[in-house]
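We will begin with the whole chain and then select a few pieces of it, one stop at a time.

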Amino acid sequence: MSSIVWIASYPKSGNTWMRLLLTAYFSEPDRPVDLEAISAKADCESRRVFEDTTCGPSSDLPQHIINATRPAFLREFARTKTPPYFVKTHEPFRTAAYGEPLITERSTKGVVYLVRNPLDVLLSYAAFLGRSRDYTIKKMANPRASTGGRDDGIDVSFHNPVGQWSDHVASWLDQSSVPIKIVRYEDLLANPQQVFADILTFSGLAHDA
């Protein structure tokens, strides 16, 4: 079943903001948003979710084998969810070891891709990392940049490559495997109600003003 709606972005491009909007929209009116129950978690990067879905340990599997099995894992994971099921990712659009895209229409209802002016991403990312702007510029231009779990050991989440900013954006804009809605951070900032309503419609949800 194609149930997953990905909330995808390069880091510091509005992903958490979008997830908070979704959390608030699905929460009871006049109640504070529970940050512990934020929508669109990174379920598909979680080692525990992977093992629960595939019914087997992953600690002995090298990363390229995990990548090769992820399309099948995502199909099975999506089969158990009611659409739209929102999932966060900072990964670029990429393929498994044998050439199949990791994210396909067999598991995906659609992708909301958030893109932000990279100069603003730089300032936000540098503050988030607690590093200098020069360091962050190099990270954003590094094709091997990553977030999440280590690539040299076991962690609660899998190693999550993000690459360089320009390649990340191009990977999602150039793909034709899954339906995608491009959302500019600046448009969401200028007109949040309309842009968010459009996202709900794209995801197959009713728009309750």
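Start with everything selected: of the contacts in the protein with a separation of 6 or more, 70% are between residues 24 or more positions apart, where contact means heavy atoms within 4.5 Å. This is a predicted model, in which local features need pLDDT of at least 70 and side-chain atom pairs count only at pLDDT 80 or more, while totals for chains, interfaces and linings use all residues. Residues are numbered from 1 along each chain as its sequence is written, and side-chain values use heavy atoms, with hydrogens and water left out.

Now colour by secondary structure. Buried residues make up 44% of the 209 (buried is under 20% relative accessible area, exposed over 50%, partly exposed in between, with a 1.4 Å probe and protein chains only).

Next, select residues 47-54 and 63-79, which are helix 2 and helix 3. How do their axes meet? They come within 10 Å and cross at roughly 70°, so the two helices are roughly perpendicular to each other (the class for 65 to 115 degrees). Show side chains for the contact: Arg47, Val49, Phe50, Thr53 and Thr54 come from helix 2, and Ile66, Thr69, Phe73, Glu76 and Phe77 from helix 3.

Move on to helix 8, residues 192-202. Which of its residues are buried? They are Val195, Phe196, Ala197, Ile199 and Leu200. Among the elements covering them are helix 1 (15-26), strand 3 (108-115), strand 6 (180-184) and helix 7 (185-190). After helix 8 comes Gly204, with a positive phi near 85°.

Last stop: pick Pro118, in helix 4 (residues 118-129). Pro118 is partly exposed, at a relative accessible area of 29%. Leaving aside residues up to four places away in sequence, Pro118 touches Met140 and Trp165. To finish, draw a C-alpha to C-alpha distance from Pro118 to Leu173: they are 55 residues apart in sequence and 16 Å apart in space.

Methods. Axes are lines fitted to C-alpha atoms, for helices over the stretch in contact, and angles run from 0 to 180 degrees between N-to-C directions. Helices (H or I, at least four residues) and strands (E, at least two) are DSSP runs, numbered from the N terminus. Angles under 35 degrees count as roughly parallel, over 145 as roughly antiparallel, 65 to 115 as roughly perpendicular and the rest as oblique.
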